[in-house]
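Subject: Structure for your review

Hello,

Please find the structure below.

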Amino acid sequence: MFRLTIGDVLKATIIIVVGLLIAKLLRKYLLNLSRSTKYVWIINEDTASTLHNLIRLISLIYSVRALGLSFSIGGVEISNVLTAFFVFYFSYVLAKKSKDYMIMRSSKQKLPEVQVKAKLFYYIIVTFAFFLALNIAGFTGKLTTLLAAAGITGIVLGFASQTVVANFISGIFMYFDKPLKIGDPVEVAGYSGIVHDIRILSTRIRTWDGLLVRIPNEKLFNSEIKNLQKYPARRVDIVVGIAYKEDAQKATDVIKKTLDEMPYVLAEPEPMVFVDNLGDSSVNIAVRAWAPSEKWFDVRWQIVQKIKEALDREGIEIPFPQRVNWFAEELRVKVEKD
């Protein structure tokens, strides 16, 4: 039979009053701190309101419990389960809002790096909140006993999650190593394209032909990564073949002049144009010019086009492959007359 005493009412009242007071003071403190701190992405009005509501709900749950209105199922207190649920839920909301706030406040230049930091913060908070909620609910001991009893299942799950753990750890290593960031053009694991997204378990690349490729971080971490835009300048390498009858020095001068007139071809390092080798059908001239990394593709096709136009204007022939066939015996051609 349910009995309500004055002591229970007094205890419940104290819990409610203290909870509301702590919630109000904490909210006021965080609001004042948000005006002066540089960590406004985590300490802001949303954070203050979230913690304020969490403390009020927890104090309400335990005040009801103090009145003797406590129920349990399978030895687990319902009040503890509710508290654990609210702790996890509000932690999730706090982590998500902080992640979005961090990304929203970042500059365009730092956005790719900030996105990775924000996601890492989000996953850490949610993981910590999950285990904290289990502990509050009182499931920790029961889960340990259950896993110990189901040893074979645990081994199977361990092998099944081995790849997930490897991808997670590789993702953390990738964050600190920083071989690439969102927006970088890369060649990795047999694919080439733009880094679309970097997540804890995988990295997504948008290929040049518009396909989305998901690469597990473990495979990415163990692969050779070719970052095409890591440094501010990148070299364009082109081979131009001219006919043997042409003046190689004249062709070299024409190509150098063409490169000098192109605004995106860098003067330093200086472009290099020289006879590289004598091919089967042409004298091959190597062209090596440096360009800003973000303009590399545009500069490359412009160099090819403008060199072709310049050589045509000067009457310098770019030959097609030729073959001379020798026969062991003289060929005889029979001509039939009509």
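The notes below cover conventions, then a helix pair, then a sheet.

This is a predicted model: local features need pLDDT of at least 70, side-chain atom pairs count only at pLDDT 80 or more, and totals for chains, interfaces and linings use all residues. Residues are numbered from 1 along each chain as its sequence is written, and side-chain values use heavy atoms, without hydrogens and water. Helices (H or I, at least four residues) and strands (E, at least two) are DSSP runs numbered from the N terminus.

Helix pair. Helix α2 (residues 45-66) and helix α3 (residues 78-105) have axes that come within 10 Å and cross at roughly 180° (axes are lines fitted to C-alpha atoms, for helices over the stretch in contact; angles run from 0 to 180 degrees between N-to-C directions). That makes α2 roughly antiparallel to α3 (over 145 degrees). Contact means heavy atoms within 4.5 Å; among the residues making it are Leu 54, Leu 57 and Ile 61 of α2 and Phe 86, Phe 90 and Leu 94 of α3.

Sheet. Three strands form an open antiparallel sheet in the order β8-β10-β9 (two strands pair if DSSP finds at least two bridges between them). β8 (233-242) and β9 (272-278) are at the edges with a single partner strand each, so one side of each has no neighbour in the sheet. The twist averages 25° from one strand to the next. β8 pairs with β10 (residues 283-292) over ten bridges, and Val 236 stands opposite Ala 289 in β10.

Helix α9 (residues 248-260) packs on the sheet and touches β8, β9 and β10; its direction makes about 15° with that of β10. Helix α10 (residues 296-313) lies across β8 and β10, at about 25° to β8.

Regards

Note on methods:
Angles under 35 degrees count as roughly parallel, over 145 as roughly antiparallel, 65 to 115 as roughly perpendicular and the rest as oblique.
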